[in-house]
Amino acid sequence: MSAGRFVGQSVQRVEDPRLLTGHGRYVDDVTVPGMLHCAFVRSDVARGSIVRVDASAARALEGVVAVLTADDLNGHAGSMQPTILLTMAGAPLRPIAGGDVRFVGEPVALVVAESRYVAEDAAELVDVEIDPDRAVVDVERALDDDAPLVHPELDSNVGAEMAFPIAPELQALLDGPDAAHVVRRSFRQHRHTPVPMETRGIVAQYAAASGELRVWMSTQNPHEAKHAIARVTGVPAHLVRVRGHDVGGGFGQKFFTPREELTVALAARRLGRALKWIEDRRENLIASNHARTDIGHCTFALDEGGRLLGSYFDHIEDSGSFPIGATGGAGALVGMLFTGPYRCPLASMRTRSVWTNTCGRGAYRGPWMFETVAREQMVDAVAREIGVDPLEWRRRNVVATSDLPYTLPTGMPLEHVSPAETLEQAVGIIGYDAFRVEQVRAWRDEGRLLGIGIGLYVEPSTGMMDPMGTETAVVRVDPSGRVTVALGTGSHGQGIETTMAQVVAEELGIELDDVTIVQGDSAVTAYGRGTGGSGTAVIAGNSCRLACAEVRAKAVDIAAHLMEAAPEDLEIAGGQIAVRGTPARAVSWPEVARVAHLETARLPAGMAVGLEATATFKAPPFSWSNACHVCTVEVDRATGVVRILRYVVSEDCGVMINPMIVEGQVAGGVVQGIGGTLYEHFVYDDDGNPLTTTFMDYLLPTAAEVPVIEYGHVETPSATPGGHKGMGEGGAIGSPPAVFNAVADALALAGASIDHTPLGPDTILTALNRRSPRNPSPRDLA
Amino acid sequence: MPQIEMTVNGERRRATVEARLTLADFLRDECALTGTHLGCEHGVCGACTVLLDGDAVRSCLVFAVQAAGAHVTTIEGIGGEDGSLSAVQEAFRAEHGLQCGFCTPGFIVSVTAFLRDNPHPSDTEIREALSGNLCRCTGYQGIIRAVQRAAQS
């Protein structure tokens with residue numbers, strides 16, 4: 001598909017000038033008259049009974065307006081579950097801990113004061129006494145029969161469980177007699193967390209006279225926030241307005257509306273005041289949602305040639321105590337996607353979401369990505385076990401174009417994908433075979449541990465559940481001919497004001513500068529799905545396309561009437577509507593707009609005044625994108641430090657709207673995945689005390705560590721009108737197993753193996769020290 | 001409470017402040033210069049970086065009273081008064097060196113000081129210079145390219 005005037009072009013971002021000059025407007029930049037400041041008092045015990053919350057000293061401090069506890073707020077709160085999950089069972093969410101605490105960081109009181117400084121002073125004066133009890137910190141221990149219940153109201157620590165039956169043919173494969181090889185491995189992914197650079201925050205202003213609740217919030221999803229806040233506060237939804245303005249990253253953490261925002265909105269309603277709460281970094285690390293804590297037990301049954309015949313996957317995800325969403329996880333999707341881009345006739349799975357006395361789990365860029373982590377790490381383990389190169393194993397098993405449409409063994413239909421092509425493109429760019437030669441030489445001659453790893457996956461974007469697949473665009477042409485587009489999205493770094501303007505300018509044949517995208521405001525946009533789940537290009541993009549088609553058709557009818565030409569003889573190009581082949585016979589876009597609004601007597605008889613359209617696009621359940629990540633690493637045998645040498649991503653997201661932005665999304669995801677695999681680790685001790693509560697302990701990757709990322713593109717259009725596919729999460733899905741596999745590949749030279757992350761120096765050195773003494777040393781090979 | 005006076009982006013500012021007020025909060029709340037962002041408030045992320053008498057400092061770790069008498073430049077003072085972008089800002093835009101934009105003011109200020117002191121840095125020097133600022137969106141790819149580009153311009 002050839003690039004358009006704007007679609008397919010790496011145009012510079014509309015957002016950048018304001019953000020580069022300090023003129024963005026983030027939630028902490030919002031000030032309203034009479035605004036008070038909030039600070040939470042939080043539990044420093046993971047599990048225990050609240051003996052006393054004495055706020056008398058805090059209330060006596062000058063400048064303190066209120067100290068609110070569970071008794072003041074919880075009885076007034078409606079359901080805190082996200083709209084999409086209202087009917088699902090989940091953790092018993094609550095604004096403020098009452099009676100007991102269930103993780104370190106759980107709010108036990110909310111201080112409201114005239115300044116942030118005073119609010120924090122007062123928070124320290126609140127006297128909280130908690131009688132500690134044995135905490136459930138380890139997710140496998142939580143499954144023990146004698147484990148204490150994280151939620152005493154529930155009868156189990158298993159929040160959700162889903163299992164597919166095992167067909168007799170599959171059982172025979174897994175048990176051995178019908179397969180040449182049966183390989184079993186378990187993998188553990190450690191706890192980490194999204195860490196947007198802007199923490200969460202809210203300004204909530206209740207206007208008693210009008211009954212309105214005006215909210216400014218760092219959110220990916222203003223309409224969901226509006227409805228969640230309406231439910232929790234009891235303010236009717238049409239009187240709640242949520243504005244996002246600029247949002248400093250989210251990565252899933254700001255998709256649903258978290259506990260603290262709901263609590264502050266409720267407090268604003270109860271007090272009848274304007275309240276601001278800006279999360280601090282310690283709060284963000286210990287009490288915003290965590291992610292990625294998974295265990296997978298994998299079994300592959302294969303034939304003599306290593307072809308996959310059957311698979312079983314047993315998955316446990318740690319939901320923490322109060323996850324965002326029913327369990328905070330994606331267990332069912334993890335299990336259903338486990339066989340991914342490989343042919344596999346028979347498969348089954350079980351997945352369990354388990355409560356622990358830790359911070360709740362929530363969405364983080366590809367919430368289901370453990371399917372790719374477990375599978376891709378399993379593929380390399382299997383290949384090593386049966387003596388086949390991991391690339392060769394993938395070539396034998398990958399779904400080829402000729403296999404499409406291919407139905408996954410769990411029933412999901414795979415089409416318009418190119419996993420085999422991205423695999424070949426990626427290994428071609430990195431020079432896989434030459435690296436294998438160099439790897440052997442470096443080990444033999446110098447004793448250096450080099451490794452190469454692949455992460456291959458298909459990514460299900462767009463939405464399977466209402467309203468995740470639907471967006472509405474309102475395209476308005478004003479009397480000057482300029483265009484304003486309203487979208488229900490909540491851009492938080494994706495550049496939606498740019499990419500959607502590209503789509504609209506393309507469709508209407510006008511300039512990019514003539515289009516403004518308005519979004520992130522529940523009052524001036526139609527109800528929409530927000531920004532998340534890699535959905536904007538397909539869903540919002542096509543809602544824009546549909547609305548533009550209506551506007552264009554009306555504009556052509558007006559122009560045809562003005563020129564006394566037939567509509568079918570006209571074309572739109574270069575800001576005007578002209579008779580095809582006779583560009584001199586044309587009406588400019590501003591003239592059409594002026595007639596539509598201001599010279600309505602010149603409109604065709606019976607035509608409605610104005611030039612605007614509202615259109616809703618509902619996406620098909622899946623718009624699969626796919627990618628292959630390949631990287632090379634060196635493992636320092638003395639220090640255990642992993643250095644990434646090269647990093648290649650071959651991506652197929654269909655038709656790209658803005659390749660620069662696509663590559664930016666890939667890069668951001670890849671580096672989050674690298675950070676998550678090598679550096680980032682949220683640590684609890686055995687009693688559930690968090691140990692990584694600052695950026696000195698929770699280590700994010702910096703510019704000094706990251707590799708230069710090299711990109712390849714394959715373009716297989718989706719079946720939706722623009723041919724786009726969602727890709728915002730993929731970078732963070734493919735990178736963890738690619739890095740893990742490269743490190744495992746390097747360690748295998750020394751006879752060492754790994755089965756868990758993070759791959760910090762301690763893990764690497766432990767693995768090297770544990771290796772079998774019979775493994776060859778460089779001297780033996782020489 | 002102490003009275004202080006300083007020059008911020010060329011304008012003289014006077015205020016009576018609590019001794020514990022950070023320079024970052026002074027700039028954001030007293031001066032309404034909200035381009036200086038707070039990402040960690042413990043001196044690691046670099047989002048709050050400003051120039052204090054020309055040196056790039058973390059304004060979350062400096063008290064406003066410590067900046068009394070100083071010349072402070074914030075992100076709002078880096079570009080032209082007409083809204084035009086500096087060479088560093090232009091390079092960040094051209095190379096997609098920002099996404100959500102929250103860390104961006106700190107990077108722009110840090111890089112502006114870095115390239116003033118080292119106009120022709122090596123790639124290693126660029127990466128070391130950037131390592132005191134955290135970005136979560138870009139994977140640093142566009143940021144590193146932007147510094148290379150700005151150094152060549």
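## Helices H17 and H18 of chain A

H17(A) and H18(A) pack with their axes 7 Å apart, at an angle of about 40°. That angle makes H17(A) oblique to H18(A); angles under 35 degrees count as roughly parallel, over 145 as roughly antiparallel, 65 to 115 as roughly perpendicular and the rest as oblique. Axes are lines fitted to C-alpha atoms, for helices over the stretch in contact, and angles run from 0 to 180 degrees between N-to-C directions. The crossing of H17(A) and H18(A) is right-handed; the near helix is turned clockwise from the far one by less than a right angle in a right-handed crossing, and anticlockwise in a left-handed one.

On the side of H17(A), the residues in contact include A:Gln665, A:Val666, A:Gly669 and A:Leu678, and on the side of H18(A) they include A:Gly730, A:Ser735, A:Pro736 and A:Phe740. Two residues are in contact if their C-beta atoms, placed from the backbone, lie within 7 Å. By class, the contact of H17(A) with H18(A) has 9 nonpolar, 10 polar and no charged residues. Ala, Val, Leu, Ile, Met, Phe, Trp, Tyr, Cys and Pro count as nonpolar, Asp, Glu, Lys and Arg as charged, and the others, Gly among them, as polar.

## Basis of the description

This is a predicted model, in which local features need pLDDT of at least 70 and side-chain atom pairs count only at pLDDT 80 or more, while totals for chains, interfaces and linings use all residues. Residues are numbered from 1 along each chain as its sequence is written, and chains are lettered from A and ligands numbered from 1 in the order in which they are written.

## Chain A as a whole

Chain A has 20 helices and 28 strands; helices (H or I, at least four residues) and strands (E, at least two) are DSSP runs, numbered from the N terminus. The radius of gyration of chain A is 28 Å, close to the 28 Å given by the globule rule for 782 residues, so chain A is as compact as a globular protein of that length. This radius is taken over C-alpha atoms, and the rule is 2.2 Å times the number of residues to the power 0.38.

Along the principal axes, the C-alpha atoms of chain A fill a box of roughly 90 × 75 × 50 Å. Of its 782 residues, 59% count as buried (20 or more other C-beta atoms within 10 Å of the residue's own; exposed means 12 or fewer, and partly exposed lies in between, with C-beta atoms placed from the backbone).

## Contact between the chains

The contact takes 40 residues from chain A and 44 residues from chain B. H17(A) gives the most to the side of chain A that touches chain B, with 6 residues. By class, that side has 20 nonpolar, 13 polar and 7 charged residues.
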